[in-house]
Amino acid sequence: MLTTGLAFAAEPIKVGVTGPYTGGSSSMGVSMRDGVKLAITEINKAGGVLGRQLQAVERDDEAKNERGVQIAQELINKEKVVATLGFINTGVALASQRFYQEAKIPVFNNVATGSIVTQQFKAPEFPDNYIFRNAAHDSIQAPMIVEEAIGRRGFKKVAILADSTNYGQLGREDLEKALTAKGVKAVAVEKFNIKDVDMTAQLLKAKEAGAEAILTYAIGPELAQIANGMTKLGWKVPMVGSWTLSMANFIDNAGPGGEGARMPQTFIQEANTVKRKAFIDGYLKTFKPKNNRIDSPVSAAQGYDSVYLLAAAIKQAGSTDGVKIREALENLQTKVEGVVTTYDKPFTHDDHEAITANIPVFGEVKGSRVVYAYEEDSKKGSDIRTKAAKKEAAAKQPAKK
């Protein structure tokens, strides 16, 4: 009997890790998964949580909504996970997370950025929301992109190129709102599908409309086709877009055509703090990515941090019960030192966004990797940007018209 009791006491705490580990989104998915695995290894080496080891239950959702739904049901009903980390694609998140909401199991969106993701289950219809996020949502990124193009760099005419997914089209809407707030209308708004390889028609419309910059909302492979399409046309204007311009499969497939592309980043692969150096060194040593470059540094860093946030909540709750974990997340009593930021009360009952507009900086593709776009951000890289108070964060958002 004693042996059985000990075995039961040592049961691992199962955590779902779901994302696309194959296909066009895989550089984000694999980097996120590996960031999660690194954090789990560190926590387990230090004794685990509540005297139990964390166990990742990994599933490849292939960036497909229907696959995400199947996985959610499997992780909840069969694997009995206490929480799930991941969701790279906004569409997959929106299709899948309702099952977690119904089961009262917390979800960490550590990569999906669609603004609606954490707003899907709002009061009064849903008194409690089980969906959390530690990525910079699109209502933060879109105004940053527009400010960079119109405000900082002074372009008067911009075109928007966005893919046809939920991610691309919701992002396009956010870009158009941010442009409207500046009194600007895009000279061309063009759409394309995942796996499209010829962007000539869309680029010609943007060129003929006099676009001085292209604003993008898409993922790596198609973004590379935009850059390559411009090279073929002999037309080069700056690309400024969402954080996905930092994906390895954009940088590598676009080659010289991708140089100079700029995007908001919560994390740039630079060892400018002790914590970041340990994370980067640990990641490179464990996973050995090509050219010592993390395929998607943002995804890896946010994946890593999500584990530490979850572990802190389980520890505070003294339980793996979903309701208690949610309550702990909404009122974390300890600061959590991550690689993106130090999380000090990152969530409340009504605010499930850990990242505010003051945290991301602009990255730029240079020499096949992402570096700080601005010298002042690089110089202050070791300064930890922490979550702004609600009032300050709201002041950084564009006025709604």
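Trainee: In which loop is the place of P124?

Mentor: P124 has its place in the loop between β4 (107–109) and β5 (131–133); strands (E, at least two residues) and helices (H or I, at least four) are DSSP runs, numbered from the N terminus. This is a predicted model, in which local features need pLDDT of at least 70 and side-chain atom pairs count only at pLDDT 80 or more, while totals for chains, interfaces and linings use all residues. Residues are numbered from 1 along each chain as its sequence is written, and side-chain values use heavy atoms, with hydrogens and water left out.

Trainee: How should I read the packing of α11 and α12?

Mentor: Two packed helices are described by the angle between their axes and the distance between the axes. Here α11 (residues 297–317) and α12 (residues 322–329) pack at about 110°, with axes 8 Å apart; axes are lines fitted to C-alpha atoms over the stretch in contact, and angles run from 0 to 180 degrees between N-to-C directions. That makes α11 roughly perpendicular to α12 (65 to 115 degrees). In contact, meaning heavy atoms within 4.5 Å, L309, L310, A313, I314, Q316 and A317 of α11 meet K324, I325, A328 and L329 of α12. The residues of this contact are eight nonpolar, one polar and one charged (Ala, Val, Leu, Ile, Met, Phe, Trp, Tyr, Cys and Pro count as nonpolar, Asp, Glu, Lys and Arg as charged, the others, Gly among them, as polar).

Trainee: At what angle do α4 and α6 pack?

Mentor: Helix α4 (residues 90–103) packs against helix α6 (residues 166–181) at about 105°, their axes being 7 Å apart, and the two are therefore roughly perpendicular to each other. T90, G91 and L94 in α4 meet N166, Y167 and L170 in α6, a contact of three nonpolar, three polar and no charged residues.

Trainee: How many cavities of 30 Å³ or more does the structure hold?

Mentor: Rolling a probe the size of a water molecule over the atoms shows where empty space is left. The structure holds three such cavities, each a set of points on a 1 Å grid over the protein atoms alone where a 1.4 Å probe fits but cannot get out, lined by residues with an atom within 4 Å of a point.

Conventions: On a 1 Å grid over the protein atoms alone, a cavity is a set of points where a 1.4 Å probe fits but cannot get out, and a pocket is an open set with protein on both sides within 12 Å along at least five of seven lines; lining residues have an atom within 4 Å of a point. Grid points are joined across faces, edges and corners, and a volume is the space filled by probe spheres set on the points. Angles under 35 degrees count as roughly parallel, over 145 as roughly antiparallel, 65 to 115 as roughly perpendicular and the rest as oblique.
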